[in-house]
Amino acid sequence: MTDGTALFSIIVAMYNVEPYLPAFLDSLDAQSTDLGEAEIVFVDDGSPDDSRRIVEEWAASREARTVIVAQENQGVAAAREAGTAHAGGTWITYADPDDVLEPGYLGSVSEALRSASDAGVVPTIVSTRLIYTDDTLLTRRDTHPLRKQFDGGRRIVSLRDDPQLIKLSAATSFLRREDVLRADIHWDHRIRPNFEDASFIARYLLTFDDPQVLVVPEAHYLYRRRTATNSLTTTSWQRVEKYLDVPRFGWLAMMEDAVAQRGHVPVWMQNTVLYDIYWYFHYDAQIHSPTRWIPQDVKDRFLETASRVLRLIDPEVIATYRITPFSPQLRAVLMSLGGHTLPLSPVHLWRADPGNRQALVKYYFAGDRPTEEFTVGREQVVPSYAKDRVIVYFGHDVLYERILWLEPREGLTIRLDGQRAEIRYNSPGAHELAVSNESLRNRLGITERARRLPAPPAAAEKRTQDLLGARIRKRAAQVGRIVRGESVSARRPWAAAARRAAQTPPVRDRYAGAWVFMDRDVQAQDNAEHLYRWVLQNRRDVNAWYVLRKTSSDWARLSQEGFRLVDFGSTEHFMLMHHAKFLISSHVDQYVLQPWSTKLLRKRDWQFVFLQHGVTKDDISRWLNRKPIRLILTTGQAEFDSFVDDGTPYTFTTREVALTGFPRHDALAQKAATVPAAERDLVLVMPTWREYLMTKITDKGTVRGLIDDFDDSVYASQWRELLARLSKDPALAQQGCRVGFVPHPSLEPHLDRLGVPPGVEVFRYRDNDIQSVISRARLLVTDYSSLAFEAAYIGTPVVYFQFDAEQFFEEHPHRAGYFDYADNGFGPMTHDADEAAAAIRESLTTPESTAVYADRATTFFIDRDGKNCERAFDAIRSIR
């Protein structure tokens, strides 16, 4: 221990941080004379690199008070314990050596403490501001979810008065050392991979009747977000301990200790736990969720512990929590899991369908649905559409959302379980079940009872200088986008001119009530093309247009056929969408729905019809529920039921889903009927794609790059091996079969990197009518693609090659749905190239082995009568 005269003890635990230490040490030097008030306690936690040597050399050449402690590797908790034992400062903080202290950091804290002392207050804890940076240390992003805590300036806040001012990071906290030692507070090594800071701070604060927080916004701690993925916070969601140890030893243990010590859990501690719980449920609800790979038994145990924790959290605290954006759904979920009774009021009228004089009504419930009564006076009102949507978290049904469409009339009353429900005309969230500080401030003008402290005069100037470089780089990037015509600002004059042109009579007349059809921006050959063709041939009264890039290989073909084509992203496209009645597409990606920024095209009166690209067999509700879909077309009863039945996860009712069959299947069946059996000689390999092999999608279209490691990926090697085996298989030659390969459209621009073996014919979408190619197939090989449904529709046998099932369902936005490949699939499932090749030979040589799969196809599809386009048109036309 040092001499005990230092104001601050900065405790630094080191393990494998050699690349980052020089920058951290430079930031200590940049504290200048303020470093004289501090001592630095470095703990070498058995680090195998040269971290200790670097620190020793730095300490030897500086006058800074430095302590270096060495120990065998025991983990960060033990290292911090050792550092605390050797510290002698009045205040202790725990900096991470891969981060950086901004110049003036210690001076700002020191000055704030003197200011608090002048005000006669000794704070319990000091809170500094966390700013994100990257490996270059050049960027500054003030985007941490707790950043709003610093909007009130330098002040002292009682956690009793503002229990949402939580502290999570020991690196941005200063604690009174004597109080830590007196209360015998220790780091808990069992809490991994994170939350150990929050638990340590919470146990410290629990020893005070009314903890006082000194908020110092101008003290910036720069938290490095590593590009590499070896940082604890970037890999933590992949670790089982996060779902078992953090809830048990982190949340539950400290809350139970609070009950034992004080008879209740302080509200600020409840909010601390709610903040951490939020991220688990937030990420589990994502399309690409990091929680998906976690084994179900671990999820079960997590949810069990979370329920025990939530029973210790007051429902009023869940209702008033505002630190992170709790949706009404999540509030209801957490209350339900905590065993709290859900309020059935108010009921919300979300939005209206004026054309049908219908209103969307929603509310949440747990357990059995309440009895409902809708009346106007004594007259009963019967909902036109209704369903119970199940809400699933961590593999469990935890709540239900009631969805109703009914006619709103004056005097409408809604009773649930016999009690009249309050009606609100907005999405849930505006009502409160308990008074919050936010509402006191915003609605009644009652501000928090914080003691304001004077801000240092130079604080604003210092921050401006510190961030000047980052601001210059940001402005330079903006100017570059403007010069290249990529920014919204650069396109505003064009958009304004296009909007004016769209309002001229000739343009209004040309596009009035338009039905806008579109498949991919770069490719047709999907449901929109086929339905447009049917409309062109049968319903000339419809003002129909087809959107496609002029550079597409399909443009000339469709132009010759008489399609009224509009270049994607063009001024004509912009004006067309101003007057469109329907946008009808086989794809629901953002670039289809919003080709331009909402700042450019604000008007969106059209309704979106989703024709689907493939049969929906998996649960993609997390993706589709967020889309502005007015109508979805389906092709099988099981698929239709998966969308609309009670207990499914989709928000759609029979109002939004129609069982019509796919428009393209009409043409597919016709083409297949014209191909003689002897000409069906292709063993056609048609794999789907993998999102994790692509670079990010943009709002400019679908063309994307491949990751650098694609050539050596399991995907590339497995398909390459199977194609090589088939191309040399004598059994296929004896059957008179050729081997064909159809790359997914996302792979077409990069096909050379796959390395298709000799003897395999390649059929590209851009060069072929893929339906004609499928019609000539004797057997189709795919993995998870809905192309298996295309083959089954025309009676072609299928073999599934699923070598990466676990990874596929982890990385793609699919979760298990109603369709099971073993029980419902249209062919045998295989998992390696040998097994796939054997299944292909058996299907070709013993056709009777495929009979069971043909029966499944008959059961799945609606009548294959060639009237899918007609049914699809009628379903769209019925929309008002």
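**View 1. The buried residues of α10 pack against α8 (241–262), α9 (267–284), α12 (328–337), β14 (385–393) and β15 (396–406).** The model is predicted: local features need pLDDT of at least 70, side-chain atom pairs count only at pLDDT 80 or more, and totals for chains, interfaces and linings use all residues. Numbering starts from 1 along each chain as its sequence is written, and side-chain values use heavy atoms, without hydrogens and water. Helices (H or I, at least four residues) and strands (E, at least two) are DSSP runs, numbered from the N terminus. Contact means heavy atoms within 4.5 Å. Buried (under 20% relative accessible area, 1.4 Å probe, protein chains only) applies to several α10 residues, including Phe302, Leu303 and Leu310.

**View 2. An open sheet of 6 strands runs in the order β29-β28-β27-β30-β31-β32.** Its pairing is parallel; two strands pair if DSSP finds at least two bridges between them. β29 (761–762) and β32 (829–830) are the edge strands, each with a single partner, so one side of each lacks a neighbour in the sheet.

**View 3. β27 (residues 682–685) and β28 (residues 738–741) pair in the parallel sense.** The pair has 4 bridges. Leu684 stands opposite Gly740 in β28.

**View 4. Helix α31 (residues 833–845) lies across β27, β30 (777–782), β31 (798–801) and β32.** It runs at about 175 degrees to β31. Axes are lines fitted to C-alpha atoms, for helices over the stretch in contact; angles run from 0 to 180 degrees between N-to-C directions.

Technical notes:
Buried < 20%, exposed > 50% of the residue type's maximum accessible area, 1.4 Å probe, protein only.
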